[in-house]
There are 2 protein chains.
Amino acid sequence: MTKATADPPNGRQLPTAEQLRIWRDFIETTHALGSQLASRLQTECSLSPGDYAVLLALTEVQDHQMRSSELATHIGWERSRLSHHLGRMERRGLIRRQECATVPRGAEIHLTPTGDEAFRAATVPHLRAIRELFVDALTPDQILAAGEIAAALRTHLDAQRREE
Amino acid sequence: MTKATADPPNGRQLPTAEQLRIWRDFIETTHALGSQLASRLQTECSLSPGDYAVLLALTEVQDHQMRSSELATHIGWERSRLSHHLGRMERRGLIRRQECATVPRGAEIHLTPTGDEAFRAATVPHLRAIRELFVDALTPDQILAAGEIAAALRTHLDAQRREE
DNA sequence: AGCCCTCGATTGACACGTCAATAATGTTAG
DNA sequence: CTAACATTATTGACGTGTCAATCGAGGGCT
C-alpha cells in the first residue's frame, strides 16, 4: 500500500487513506457509543453520565461528602465545568452545597438522600447497558486490545500535552 | 478471574471489575482524544470538527453546493443539528444558504470562497494532528485492531438500535 | 497598616447537541 | 375542492462544555 514513487513529500508522512478511514470509524463510533449510553441512562434513570460520575464519586467516599476541588480532581474535570454541573444537580436536589468550616472559600458537596436513591437505582441499568453495548459487542481478545489501545492513546496524549 | 463460587446471580452477568476498568479507560480516553483534536483544530485553524465535516462534504461535491438534507444524510447528522450548525457557519461567512429552484422548501448550501479557503488551510494541520495523536500513538497492529473494534461496536450498535 | 498575590469557587458568554414544536409547501384521499 | 398527510427545514428551550473574567478570603511583604 506504500507508494512506489519517490520519498515522502513531508518530513513525516500524513496518514494514509486506510489510516484515515480507521480514524474516522474509530472516533465516530466511540462517540456514538457514548451518546447511546448517555441516552439510555437518561431515559431509564433520568441521569446524565456527568451526574453518574459525580454521584459515584460521592457515594464511594466517607460520609458521602467531599470538597469541591477534591471532587474535580477525582473525576478529572475542570473546576468551572464541575461548578456548572453542581448548580444543575443542586437544582434537582441530587446534591447540596455547604460552606466548609476548615477551608476558606471551600465548598463541601453533600450527597442528598434523593441523590443516593437516584444513584442506587441507576447502578444496575448502567452496568447492564455497558455490558450490552460494549462487552457483548466484542470478543474477550478485542476487549483486552481495547484496553491496550486506550492505554497507549492516553500515554501518548499526556506526553503530547506535556511538551506543549 | 472467574469466581470460584456459585452461579451468576443475574440471568446474564454484569461486567466484571476488569471489564469495567477497560470500559472507563476506553470511553474516557477516546473522548479526550476527540477533545484534544478539536482543541488543536480550533486554535490552529479556527474551525470545529463539525465545521470541518461540513466543509469537507461541500468541497468533495460538484459545484461546491448541496441540498441541506442530502448533506445531513451524507455526514450522518440530524437535520436539526445541521440547521443550527449551518446558522453559525453562515454567520461566519463559511457557507451561504439559498432557496432551491427544483425542490419545494429545499435549501441549497453553497461553499463560499472564505469557506473554501478555511478548509484548504485546515487540511494539512488536521491530518497532521490525526497522525500525531492517533497514528503515532499506536503500533500498526493496534491500528488494525482499532478498526476492527470500531466495526464490531458499530455493527452491534446498529443491531441494538434496530431492535428497540 | 496598606498592598499584592494566590487559591478556591463561581459566573457570563458562547458553541454545541437533542428534543419537541412549528412553518411552508407539496401530495393524496374523500 | 378540501381535509389530512408527508416532506423539508427552521426554531426555541434546555443541558452541556470551555474560556476568560471575577470574587472573596487569607498570606506575606514593606
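## Chain contacts, strands and helix packing in a predicted model

In this predicted model, 42 residues of chain B are in contact with 42 residues of chain A, two residues being in contact if their C-beta atoms, placed from the backbone, lie within 7 Å. Helix 1 (17-45), helix 5 (113-133) and helix 6 (140-162) of chain B are the elements that give two or more residues to the side of chain B that touches chain A. Helices (H or I, at least four residues) and strands (E, at least two) are DSSP runs, numbered from the N terminus. Helix 6 of chain B supplies the largest share of that side, 15 residues. By class, the side of chain B that touches chain A holds 25 nonpolar, 10 polar and seven charged residues. Here Ala, Val, Leu, Ile, Met, Phe, Trp, Tyr, Cys and Pro count as nonpolar, Asp, Glu, Lys and Arg as charged, and the others, Gly among them, as polar.

Chain B is superposed on chain A by a rotation of 180 degrees with 0.0 Å of shift along its axis (RMSD 0.1 Å); that is the relation of a two-fold axis. The superposition is by least squares on the C-alpha atoms of residues with pLDDT of at least 70 in both copies. Of the interface residues of chain B, 100% are also interface residues in chain A, so the copies meet through the same surface.

| Strands of chain A | Bridges | Direction |
|---|---|---|
| Strand 1 (residues 65-67) and strand 3 (residues 107-111) | Three bridges | Antiparallel |
| Strand 2 (residues 95-99) and strand 3 | Five bridges | Antiparallel |

In strand 3 of chain A, Glu108(A) is the bridge partner of Arg67(A), and His110(A) is that of Arg96(A). The loop between strand 2 and strand 3 of chain A contains Ala101(A). Ala101(A) counts as exposed because it has 7 C-beta neighbours inside 10 Å (buried, 20 or more other C-beta atoms within 10 Å; exposed, 12 or fewer; partly exposed in between; C-beta atoms placed from the backbone). Ala101(A) and Glu148(A) are 47 residues apart in sequence and 44 Å apart in space, C-alpha to C-alpha.

Helix 1 of chain A meets helix 5 of chain A through residues including Leu33(A) and Leu37(A) on helix 1 and Ala118(A) and Pro125(A) on helix 5. The residues of this contact divide into 10 nonpolar, two polar and two charged.

Residues are numbered from 1 along each chain as its sequence is written, while chains are lettered from A and ligands numbered from 1 in the order in which they are written. Local features need pLDDT of at least 70, side-chain atom pairs count only at pLDDT 80 or more, and totals for chains, interfaces and linings use all residues.

Note on methods: Pairing = 2+ DSSP bridges.
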